[in-house]
Amino acid sequence: MMLQRLTLLTLFVHSSLALALYDDINDHRRWRRGGPSIPTTGVPKIDDSKVFPDGCGCKGYILPFSIYAKPGEQTVQVTLPEPEVICSNYVKKSVNPPSNSKFKLGRHAITYSYWYEGYKRDLKCFVNFTVAACECPSTRTVKATVKPGETEASVSWREPEPTCPTNPSAQNPQNTRERFSIGKHTVTYKYTHIGFRMFDVKCHVNIAVTGMLVHA
């Protein structure tokens with residue numbers, strides 16, 4: 001009787017192991033890619049195969065542009081134009097460096113990043129610009145000498161145009177040749193720069209007139 005019970009128990013254990021092994025084999029055949037997918041709630045599925053949705057991208061292209069600093073300035077506060085994107089349903093946007101930052105003289109590349117739900121990477125659009133100095137030419141001193149018997153000398157010079165786009169003042173001298181008495185004189189030109197920012201620029205021409213020595 002004891003031997004029969006041991007035999008039945010052995011057969012039962014072997015049958016259970018065989019059924020478990022059969023179930024494992026069937027599961028492996030049914031889920032060849034590592035088992036069934038486990039549904040998640042509240043967490044978007046990340047698509048690693050795409051950086052952002054199909055058809056999305058930067059809309060158009062912002063051409064590189066220049067912003068001018070006033071004479072003597074080393075930095076300029078810049079309000080940046082924002083690129084347009086084809087897909088506006090992004091969940092997050094960032095810009096580095098941020099708009100209204102101060103930028104030194106030189107070239108700058110600004111990155112706008114847009115994140116879309118369900119995609120691992122971000123869409124990047126760029127704004128490139130240069131901060132350039134608006135300066136007058138080096139101030140030169142034009143020298144002239146009064147001839148014997150005269151009280152004035154005829155002096156000519158070049159107009160000192162700034163290095164940035166400007167509109168000249170209507171009050172600027174209309175001629176670049178005048179007569180000056182003995183002494184030091186300054187001719188001033190005023191310009192207005194109009195662009196991303198507006199400011200006035202004054203450039204000067206120095207004139208030194210001396211008398212000719214008369215020997216007895």
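Hi everyone, let me start with a contact: Glu-152 forms a salt bridge with Arg-179, and their closest N and O atoms are 3.6 Å apart. Keep in mind that this is a predicted model. The two partners come from distant parts of the chain, with Glu-152 in strand E10 and Arg-179 in strand E12, 27 residues apart.

Arg-179 has another partner: its side chain also meets that of Glu-150 in a salt bridge, at 3.5 Å from N to O. Glu-150 sits in the loop between strand E9 (141-146) and strand E10 (152-156), 29 residues from Arg-179. Together, Glu-150, Glu-152 and Arg-179 are linked in a network of salt bridges.

The whole structure holds six salt bridges. One of them joins the side chains of Arg-197 and Glu-73, 3.0 Å from N to O. Arg-197 lies in the loop between strand E13 (183-194) and E14, and Glu-73 in the loop between E2 and strand E3 (75-78), so this pair ties together parts 124 residues apart in sequence.

Now, over to a sheet. This one is open, with four strands in the order E2-E8-E7-E5 and mixed pairing. Strands E2 (65-69) and E5 (92-96) form its edges. In E7 (106-115) and E8 (123-133) we have an antiparallel pair with nine bridges, where Arg-107 stands opposite Thr-130 in E8.

Last stop, the largest pocket, with a volume of about 180 Å³. Its lining has 13 residues, divided into seven nonpolar, three polar and three charged. Thanks, friends!

Conventions:
Residues numbered from 1 in each chain as written. Predicted model: local features only at pLDDT ≥ 70, side-chain atom pairs only at ≥ 80, totals over all residues. Heavy atoms only, no water. Pairing = 2+ DSSP bridges. Helix = DSSP H or I, 4+ residues; strand = E, 2+ residues; numbered from the N terminus. 1 Å grid on protein atoms, 1.4 Å probe; cavity = no way out; pocket = protein on both sides within 12 Å on 5 of 7 lines; lining within 4 Å. Points joined across faces, edges and corners; volume = space filled by probe spheres on them. Nonpolar A, V, L, I, M, F, W, Y, C, P; charged D, E, K, R; others polar. Salt bridge = Lys/Arg side-chain N within 4 Å of Asp/Glu carboxyl O.
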